[in-house]
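This briefing covers one chain as a whole and then one residue within it. Please read it alongside the model.

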Amino acid sequence: MIALRRRVRLPEPAASGDTALRATGLTVRRGGRDVLTGVDLDVRHGEILALVGPNGAGKSTLLAAFCGDVAPAEGTVHMSGAPLDAWTPRELAMRRSMLPQQHTLSFAFDAIEVVRMGRVPWAATELEDDDEQAVAQAMRETDTTAFAHRPFTALSGGEQARVALARVLAQRAATTLLDEPTAALDIKHQELVFAVAKAQAARGHAVVVVVHDLGLAAAYADRVAVLAAGGMAACGPAEEVLTASLLSEVYQYEIEVIPHPRTGRPLVLPQR
Amino acid sequence: MTAVTEARPARLKEASTGRLKVVVLLTALAVALVVMAVVAAALGQVNIPPTQVVGSVLHKIGLDVGPLPDAAQGDNALWIVRFPRVVLAIVTGASLGCAGAVMQGVFGNPLAEPGVIGVSWGAAVGAAAVIVFGLTFLGNWTIVLAAFVAGLLTTLLVYTVSRSGGRTDVVNLLLTGIAVNAVATAALGLLMFAAGNDGLRAITSWQLGSLAGATWPAVAAVTPCAVAGIVLACACARRLDVLALGERAARQLGVDVEKLRVVCVLVIALLTSSAVAFSGIIAFVGLVIPHLIRMAVGPGHRVLIPASALGGALILVTADLIARTSIPYQELPLGVLTSIVGGPFFFWLLRRTRRRSGGWG
């Protein structure tokens, strides 16, 4: 009850280029094994940061550590200048949203009700007035308005993924963490997700996205962080990081990188 | 811009029909409950016309309106026998309906119900022990307290045992329920073995479930528990909605899941003990009612919880009326009546759940 009465700290507006999340010397242990070792990484407002790397490299673990789902064994994660455990769960939810890999729902809520759940952190604050507008906008941006009143459980996998993304957008947190948002989607909707991420970044939000498709990472990310075996192999602009030699070594498979004939962005292809 | 203005009227219309449905449902349930309560008080071995029932109540609260009962001992029959029974039916039914809704929400499983998973039986063992050993250190409250403590322990046990990896699957939940029921039934059997004749009769009537023991002191003992439970449950409603996304996602949305869980277990124990203490085990109300409400207005807990309380009360007042009037000078056990209807419903629900999830996961 005491925790309820303490004043909730509403987020301060952040400028592009400010640090949203900072991991320093981050080590995460699971089942006695180091899944991440000594990772340093800054996430800045106004940029899309892609986390790539082979299976088991620790991408999702890093995202979960950013989110506060797993506690680091060593090192710290700071959000908006304070360590994660200095914020209450609700204060964290006002500052960062997270799209999980799996979308489960115990009861057959309508899609629009699922999206409205994204507004829960703002209940009883002045920003509660934006609820309906935030929900409508999120559903428009994710192309989900057409099935707003259908039960979530009756939707196809791709539709569910987009409704889940709409819920995350409706939360209107300045930092958005996306764990493989394109896994269940066709090409059109993959592009839609990254266009949404780009729009978020343009608004000054920070977007961290775990993605397997190196082509998408190369095309949309402002920076790419390549993880390998729990450590940071490289981090920087796509053109600098996504090189044939680095990727071939990290993925242990021959990979070609050629510049796109029109945009000049790197195209990543396995040797076939 | 045109797309927005075109889409808006349609969405608003759907939203307002949804809200209208909720208002209609809640009003209909409340009106039906009041009507049914008057009818239940009117019918019995001596029939008293509903107008005289209402008149008697109005006179009691100081309004000299309407006719008084003209049957011999009519007023006494109402105030000593029927009213406490009707009120106890309302309190018990509301507790059961609400407990079912909360339990399903916190377990994330539409098959959870105090009777099915053994919590009612656990609470009954606590209450039976008090009767058999003749404990009265808190007067009427002793039974309620014993039922509450035993119910709380059973809820905690079922909750911790049936969960794995942050969720409760159907098989685990039902198997845990079978185990808990087996132990609780054995404990009740032991108590019956140890009990004298009076205790034996009391325990038997509980296993079958009955409101025959309704008195004003009993009503006074359980009502605060039920009211506290329902109010707390309503306060958790929005967070229970979010919990449907899974514990991790709920936490990411700022819900303090651990606290919510503790509050809900407390609510379930409060409601189950208030329902079981004097009425015994009345199964399936907490399963059927929330399910019907979900089919009518969707799974949102802010409507589901109050509507389940109203619906549970309505069903139990009706069922009790049937139990005591269908056979002249005899009384059907209430719990038997609800199980005859609720058992097949549970079976249907089980099959449907299995078909939907493509297995027992």
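Buried means under 20% relative accessible area, exposed over 50% and partly exposed in between, with a 1.4 Å probe and protein chains only. At 0% relative accessibility, Ser274(B) therefore counts as buried. The model is predicted, so local features need pLDDT of at least 70 and side-chain atom pairs count only at pLDDT 80 or more, while totals for chains, interfaces and linings use all residues. Residues are numbered from 1 along each chain as its sequence is written, and side-chain values use heavy atoms, without hydrogens and water.

**Ser274(B)**
- Ser274(B) sits in helix α11 of chain B, residues 257-279; helices are DSSP runs of H or I with at least four residues, strands are runs of E with at least two, and both are numbered from the N terminus.
- Beyond its neighbours within four places in sequence, Ser274(B) is in contact (heavy atoms within 4.5 Å) with Ser95(B), Val222(B), Cys225(B) and Ala226(B).
- With Ser95(B), there is a side-chain to side-chain polar contact at 2.9 Å; the term denotes a pair of N or O atoms within 3.5 Å, where within protein one must be able to donate a hydrogen and the other to accept it, and residues adjacent in sequence count only if both atoms are side-chain atoms.

**Chain B**
- Chain B has 14 helices and 2 strands.
- The C-alpha trace of chain B spans about 75 × 55 × 35 Å along its principal axes.
- Of the 361 residues in chain B, 51% are buried.
- Among contacts in chain B between residues at least 6 apart in sequence, 75% join residues at least 24 apart.

Key: Chains lettered and ligands numbered in written order.
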